[in-house]
Amino acid sequence: MSDVTAATYVPNLSNSSFAQLKGQTTKIGADGANADTQTFTVSKAGEFNFKVNDTFTNVEIRNDRNEVVTTIRSKESASEATARLGPGTYTATISQANRAAGIRDYSLEVTERQNVLVTGAGATLKGTAQPPGNGDTGVQRHTFNVLQGGTFTANISLPNTRWAMMDKDGKVVAASDSGKPDSQQTFLQKPTYKLEPGQYTMVVVPPSSLKSPSDFMLSLVPRNSELSEAGVQESAISKTLRERQNRLRQWASEAKTTSTRA
């Protein structure tokens with residue numbers, strides 16, 4: 001995690017999955033409101049989530065050509081926006097929506113929005129959950145691109161974590177609330193989720209009791225929906241061999257009961 005408290009430090013967002021731009025609105029913006037600026041760089045193209053944790057705060061992010069790449073307008077609660085950024089230097093201007101307000105502290109959270117490719121073999125999202133606090137709920141958003149649809153179960157390594165997957169229309173197609181660690185559930189007890197090819201947004205909400213940044217993995221594992229706790233999935237040849245063995249055992253048992261004495 002990068003905690004930006006000095007103006008001379010310029011973070012590279014590509015080097016960390018999470019950064020926090022903090023400061024005070026001690027300057028005056030173009031509209032006359034109290035404001036401040038933060039500079040950061042990106043060394044490789046990627047998608048990032050920007051979230052301001054302060055109420056009635058405006059954020060404008062410009063590239064090195066002075067073009068606006070994204071804006072945020074918070075009101076009574078935290079607000080966020082997503083931007084796809086290429087390599088370069090960027091400037092975030094944080095200003096107060098109320099021009100009559102005095103100097104205030106602010107916090108702008110930046111997380112890398114991962115783009116996960118899902119195939120018939122499944123996929124894995126690796127991230128770092130941040131402790132909620134100072135108005136930040138720790139919510140993360142990532143993109144899942146499903147190339148091959150199928151039925152999957154989900155394994156998440158962080159206990160007491162909620163997650164949901166939504167399609168492009170915002171409809172929830174998969175969700176879970178892991179009240180207990182996944183290790184306490186067997187593979188066959190986990191619910192299955194059918195995903196069609198397309199792009200989805202994964203929202204991950206870490207537990208409110210989280211005390212420090214914690215790495216986690218969320219894996220989609222392919223599964224035959226007909227597989228149950230009572231049995232195991234078997235191939236056609238295995239089924240044929242099993243049935244043949246059962247017939248041989250039955251024949252042997254019947255042969256013993258019908259044998260004659262010499």
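Q: Which residue in β18 does W163 stand opposite?
A: W163 stands opposite V204. This is a predicted model, in which local features need pLDDT of at least 70, side-chain atom pairs count only at pLDDT 80 or more, and totals for chains, interfaces and linings use all residues. Residues are numbered from 1 along each chain as its sequence is written, and side-chain values use heavy atoms, without hydrogens and water.

Q: In which sense do β15 and β18 pair?
A: Residues 162-166 (β15) and 198-205 (β18) pair in the antiparallel sense over 5 bridges. Strands are DSSP runs of E with at least two residues, numbered from the N terminus, and two of them pair if DSSP finds at least two bridges between them.

Q: What is the order of strands in the open sheet?
A: The order is β11-β13-β18-β15-β16, with mixed pairing. Because β11 (115-118) and β16 (172-177) each have a single partner strand, one side of each is left without a neighbour in the sheet.

Q: Changing topic, which residues touch the most other members of the largest nonpolar core?
A: Of its 23 residues, these are L125, F144, W163, M165, M202, L218 and L220. Such a core is a set of buried Ala, Val, Leu, Ile, Met, Phe, Trp, Tyr and Cys residues joined through side-chain atoms within 4.5 Å; buried means under 20% relative accessible area, with a 1.4 Å probe and protein chains only.

Q: And what lies apart from that core?
A: Another core, of 20 residues, lies apart from it, with A19, V59, A92 and I94 among them.

Q: How much of the chain is buried?
A: Buried residues make up 39% of the 262 residues.

Note on methods. Helices (H or I, at least four residues) and strands (E, at least two) are DSSP runs, numbered from the N terminus. Buried means under 20% relative accessible area, exposed over 50%, partly exposed in between (1.4 Å probe, protein chains only).
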